Amino acid sequence: MTTHPAGTTAPPASPFGFWTPAGHGPLPDAPADFRAAVGEVKQPVVVARTDRGYAVAQGGFLAFTPPHAWAFPVAAHLPPLPPTQLGDPAFTRDHGLRYPYMAGAMANGIGSADIAEAMSLAGMLGSFGAAGLSLERIGQAVDRLKANLGTSPFAVNLIHSPNEPAHEMATAELLLHKGVRLVEASAYLDLTPAIVRYRVKGFTAAGPANRVIAKVSRVEVATKFLSPPPEKMLRELVAAGHVTQQEATLAAKYPVADDITAEADSGGHTDNRPAITLLPTILALRDRLVRQYQYAKPPRVGLAGGIATPASVAAAFAMGAAFVVTGSVNQACVESGSSDAVRKMLAEAGQADVTMAPAADMFEMGVKVQVLKRGTMFPMRAAKLFELYRAYPSWEAVPEAERAQVEKTYLRATFADVWDQTKAFFLRRDPTQLPRAEADPKHRMALVFRWYLGLSSRWANAGEAGRQLDYQVWCGPAMGAFNEWVKGTPLEQSANRTVVAVARNLLYGACVVLRRQALRQCGVHLPDECFPTGPQPADELLKRFA
């Protein structure tokens, strides 16, 4: 706002004009002036209250020459709020990031190496979705990421595999051998030797060599990751030669995880927890355990599940999240390991187009995952298979009409043929499953049903023609919220969605939302058109993030 020329009889004009409350007639350019000023999130903003409404000055320069009467009271002052100032700076510093934003792992390589690379090069964190993949494919992805990123950060998913503990341990061994220094631990029901071995290996007096970001939604599981490794498990790992006594002794003074992601209602494995209650609960738990164990460096707590709009990102940081993690919205981006057919399905999804279905990896336990129901019959068919598994001791005990329906519509092969394929798979993957299956017909039935559940995700990723009704697409309600937010913009089309563009828009929009809230807290209430909360063009975002 400019200084008054001597002898003026009217208030000076703001470089961004005045906005007058309804009924007094705003100046034509006023909303655009406010939008431009507030949108420069790296610059401070001063809002003054005048007899004509509000005036805004970008850069915070507000000066008047006394003793003239045109001295307007300051209604609000907005300090700079660039995306780098969101969240906990310890999280970005420790992981070598610029922004407290993570693209979480999506199994079967949906969280692709392309995503991990793009996020890392943009100053954010990406997690490669190693769950469900062979050790060979995981190794290839890690080699690529290390070659292309050098010392830039990335994470690899290590998922709890209660039905395949040998594969989980082999994955941990591979990551240690490849020098992967950060894993995203997901779907854990309890600590396992694999995740504890990964964490403890390489510990020195200076601290851990390997970092863990644990995604949890239950207090009992969060407690285990926020506590030191169990003494009994450490003794067993030392006895097995997996870690040294010195490593175990040093690790006993640290939590298992450096960071906890409180996972609310999300796609894939989820307990459908509401974020507004889950995050404060995990934060309180963290604070209690920090006091109990007297950690020198407290673990950070981020939020996942429902993170899909600037408002949800802003809400997460306002509630105290150290970082945010996105999932469903990334699967609809061009870099994901999914197919164009699935990306199109996701881009058309609404918040109510999701449901729960049996999980392939924890089928016998009755664990469910959240999936897309629009455009696919997978949820219904998977539920039917679990119903048959629960009701009958063997495939042969299933009524003939039911067996015929499953073979014709779901398996598209005889049960015996699929069992032969399943045996061949487990001979390569985990031969210990086969003796039990040969002795227990109910377990054999479970493995065949898991064949369908497992392949349904791969059919979706590959865009398998003729299997569209069997596509298993992990998805949470966040997808519908994102689609509503981008409606009528270039990001409405899945072909225009990149993980970096999505991330930058969410972070930038969150800064604008938080600035608007700061104005409201000062009693300054402005209409929607004064704030650039919609998706921004790529060139504009580059300026904001430069």
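Visitor: In β7, which residues point one way and which the other way?
Guide: A155, N157 and I159 point one way from β7, and V156 and L158 point the other way. All of them are buried. Buried means under 20% relative accessible area, exposed means over 50%, and partly exposed lies in between (1.4 Å probe, protein chains only).

Visitor: Why the two directions?
Guide: Because in a regular strand the side chains alternate between the two faces of the sheet.

Visitor: What sort of model is this?
Guide: It is a predicted model, where local features need pLDDT of at least 70, side-chain atom pairs count only at pLDDT 80 or more, and totals for chains, interfaces and linings use all residues. Residues are numbered from 1 along each chain as its sequence is written, and side-chain values use heavy atoms, with hydrogens and water left out.

Visitor: Back to β7. How many of its residues are buried?
Guide: 5 of its 5 residues, 155-159, are buried.

Visitor: In which sense does β7 pair with β6?
Guide: Strand β6 (residues 125-128) pairs with β7 in the parallel sense, over 2 bridges. Two strands count as paired if DSSP finds at least two bridges between them. F128 has V156 of β7 as its bridge partner.

Visitor: How many helices and strands are in the chain?
Guide: The chain has 21 helices and 15 strands. These are DSSP runs numbered from the N terminus: helices are H or I with at least four residues, strands E with at least two.

Visitor: What radius of gyration does the chain have?
Guide: The chain has 27 Å. For 546 residues a compact globule would be near 24 Å, so the two agree. The radius is taken over C-alpha atoms, and the globule rule is 2.2 Å times the number of residues to the power 0.38.

Visitor: And what does the C-alpha trace span?
Guide: About 100 × 55 × 40 Å along the principal axes of the chain.

Visitor: What percentage of the chain is buried?
Guide: Buried residues make up 56% of the 546.

Visitor: What about phi of R412?
Guide: Phi of R412 is positive too, about 55°, and R412 is not a glycine either. Its loop runs between α15 (400-411) and α16 (415-429).

Visitor: How accessible is R412?
Guide: R412 is partly exposed, with 47% relative accessibility.
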